[in-house]
Amino acid sequence: MNKFLFVDLDDTLFHSLRKCDTRDELRPIAFLKDGSANSYTNGRQRAFLAMVGQGMTLIPTTARDRDGLARVDYPFTHYRIVDFGGIILAPDGQPDPVWLARMRDDMATALPGLRQVLAVIDDYARRAGMPARARLVEDLGLPFYVNVKDPERDMARLDAIEREAVAPWLAGQGGDFCLHRNGNNLAVLPKRLNKARAVEYLQARLRDEHGEIMTFGMGDSRSDARFMAACDYAIIPNGTQLSALTVGAL
Ligand SMILES: [Mg+2]
């Protein structure tokens, strides 16, 4: 039986240097646009990758866009889910046309709301004298989500943006949107854009191609839980937001 691992990348398979234990033997695995390394694996993470790479097919399921995925030094050769599920790349690297058409319609519907929350965040940050600015993240010409980080990694400022600007908007006009927050990363996504939808679509496609399949889901964030729940088995790395909320809390 074919086995597939739908796997988040950042903070699941590797970490940025800031989050690494420098006592580990670290090796670079992901790079910035200027070519400098910004994410690393430790020995256990490399052993994990070697182990799962033998028995199953890895399908990255990531918020990274196509460029960001290309800057990860791992030979993903099968389907790839990028942009929080907004784009599914086929094994030949081309976007799945059926999924792309669906997302084009969904994101056209979402665009006015995305522009609205972007303005709400920027207005709040400016009035509060914060340096953070929101940006609309696009890929293949489709708008997907609004992202904001604090340039000085000041979590209190990002907490305030979440509490004072984003939460009231979500509770009012933003009913079709949701929040993803993990550390210095705050994103507002259309509810139609989520990894679980893309994983479910792709699982149906894989069953058509292979018959019965076995699926694993693996991720570190609260927002990964839904796509992991759509798989036969879930794998949660220890020391993550999701492990603290689930097995760690129990
Ligand atoms: Mg992650």
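This is a predicted model: local features need pLDDT of at least 70, side-chain atom pairs count only at pLDDT 80 or more; totals for chains, interfaces and linings use all residues.

Visitor: What domains does the chain get?
Guide: The domain assignment gives domain 1 (2-86 + 194-245) and domain 2 (102-190).

Visitor: And how far apart are the C-alpha centres of domain 1 and domain 2?
Guide: Those centres lie 24 Å apart. As for touching, 13 residues of domain 1 are in contact with 13 residues of domain 2.

Visitor: How much area is buried between domain 1 and domain 2?
Guide: About 1,300 Å², with carbon and sulfur atoms giving 47% of that. On the domain 1 side, Arg66, Phe84 and Arg197 supply 38% of the area buried against domain 2, more than any other three residues.

Visitor: Which residues of H1 are buried?
Guide: Gln45, Arg46, Phe48, Leu49 and Val52. They cover an arc of only 155° around the axis, so they sit on the same side of H1.

Visitor: Why would residues a few places apart point the same way?
Guide: An α-helix has 3.6 residues a turn, so residues three or four places apart end up pointing the same way.

Visitor: Which residues are exposed on the other side of H1?
Guide: That's where you find Arg44, Met51 and Gln54.

Visitor: What happens at the start of H1?
Guide: A side-chain oxygen of Asn42 comes to within 3.1 Å of the backbone nitrogen of Arg44.

Visitor: New topic: is Arg181 buried or exposed?
Guide: Arg181 counts as buried because its relative accessible area is 16%, under the 20% cut-off. Arg181 lies in strand S10, residues 177-181.

Visitor: What does the side chain of Arg181 make a polar contact with?
Guide: One partner is the side chain of Asp159, at 2.8 Å. The Arg181 side chain also reaches the backbone oxygen of Gly183 at 2.8 Å. Beyond its sequence neighbours within four places, Arg181 is in contact with residues including Met155, Leu186 and Gln241.

Visitor: And Arg226, buried or exposed?
Guide: Exposed, because its relative accessible area is 57% and the cut-off is over 50%. Arg226 has its place in helix H6, residues 225-229.

Visitor: What does Arg226 touch?
Guide: Not counting residues up to four places away in sequence, Arg226 touches Asn194 and Ala196. Arg226 and Lys191 are 35 residues apart in sequence, and their C-alphas are 12 Å apart in space.

Note on methods
Residues are numbered from 1 along each chain as its sequence is written. Side-chain values use heavy atoms; hydrogens and water are left out. Buried means under 20% relative accessible area, exposed over 50%, partly exposed in between (1.4 Å probe, protein chains only). Helices (H or I, at least four residues) and strands (E, at least two) are DSSP runs, numbered from the N terminus. The arc is that of the directions from the helix axis to the C-beta atoms. A polar contact is a pair of N or O atoms within 3.5 Å; within protein, one must be able to donate a hydrogen and the other to accept it, and residues adjacent in sequence count only if both atoms are side-chain atoms. Domain bounds come from an automatic or database domain assignment. Contact means heavy atoms within 4.5 Å. Buried area is the accessible area (1.4 Å probe) that two parts lose on being put together, summed over both.
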